[in-house]
Amino acid sequence: MEQHRIRELLDLYFEGETTTLQEQELKHLFSTAESIPADLMPYKAMFAAFERSKEDVPKQGAIVKSPRIAYRVALRAISSIAACLLLGVFIWLGAKSDKQDIVCYIDGVEITDSDRAMAEAQRLMGEVNEDIALAMTTIENLF
Amino acid sequence: MKTTTEQYTELVLSTKDTIYRLAKSITGSCVEAEDIVQDIYEKVWRARDAVLNSRYPRAYLCRMTRNLAIDRLRRRRDSVEISDRVVEDGNRLAVIGDMAEYTRQLIATLPETQRMVIHLRDVEGYEIEEIAEVLECESANVRVYLSRARKYVREELLKAINYGTA
């Protein structure tokens, strides 16, 4: 009876017509059947291979230990913080200078609009927050 | 209501092994697969809104993984040599009777799309519609790829057994 059902499901399986439920049934039948005829052994091996593949997972901590992501995220966060500080200094210098119309420089361009300077500072702060969130999520919480 | 970070964390935790295995099945390298996992989750964070709002987020991730792994393979340009070596070693393994291991090595020699389909379906248990989303093709095509891949593995296994008993 079991063998008959296995053969029936295998016909559908090799045509790519089985549902996930039928495939689970097939796996179950292969793993629990008391005796499997010799001609069905290759199929049992196929399902055993799929189960074995599932055990293939990254080594514990392998992803955290790789310095690349931490290095890249840290570098980006530090760059963003440095850019914010630099922008702050420029804004402060601009406010102190005699040329009151220049607030700061962004990419070498004089900015005279304090609202735009503030928006740029906020944008950079947003990037910093995003990078820090990514670093915290990826490195501390996930692996 | 979960925050974006919570949703992202959940997605990563539920998919990291799959992404690793998928990357490894394409590149054939554990180190490269670990590297791809890092790259993928960084990219996912950058595109988190698109990923989390997609119909099948894990399919979206698999598609990203596939593209990245293929890019790396192209850069490496030695995938053909690896496949050939696997076939030769596999024949020897079949003779000594480790059919399950031989099956895994046969799958590694399949064309990339078939390998991806059989991996996502038979190892990861994905629905046909999700695999179609990953491959950006019709479900009917996925079934064709799946059937071809399974039949190829079956035929090679039977050949190896006949060779071993001849």
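In this predicted model, 34 residues of chain B are in contact with 29 residues of chain A, two residues being in contact if their C-beta atoms, placed from the backbone, lie within 7 Å. On chain B, α1 (4–27), α2 (30–46), α6 (99–108), α7 (112–123) and α9 each supply at least two residues of the side that touches chain A; helices are DSSP runs (H or I, at least four residues), numbered from the N terminus. The largest share of that side, eleven residues, comes from α9(B). By class, the side comprises 16 nonpolar, six polar and twelve charged residues, where Ala, Val, Leu, Ile, Met, Phe, Trp, Tyr, Cys and Pro count as nonpolar, Asp, Glu, Lys and Arg as charged, and the others, Gly among them, as polar.

One helix pair joins the two chains as follows. The axes of α3 (residues 41–54) of chain A and α6(B) come within 8 Å and cross at roughly 70 degrees; axes are lines fitted to C-alpha atoms over the stretch in contact, with angles running from 0 to 180 degrees between N-to-C directions. The helices α3(A) and α6(B) are therefore roughly perpendicular, a term covering 65 to 115 degrees. Residues including A:P42, A:M46 and A:R52 of α3(A) and B:M99 and B:R104 of α6(B) make the contact.

Away from the helices, B:E136 is found in the loop between α8 (128–135) and α9 (139–165) of chain B. B:E136 has a positive phi of about 55 degrees although it is not a glycine. Most residues other than glycine have a negative phi. B:E136 is exposed, with 8 other C-beta atoms within 10 Å (exposed: 12 or fewer).

Residues are numbered from 1 along each chain as its sequence is written, and chains are lettered from A in the order in which they are written. Local features need pLDDT of at least 70 and side-chain atom pairs count only at pLDDT 80 or more, whereas totals for chains, interfaces and linings use all residues.

Technical notes
Buried ≥ 20, exposed ≤ 12 C-beta atoms within 10 Å, placed from the backbone. Parallel < 35°, antiparallel > 145°, perpendicular 65-115°, else oblique.
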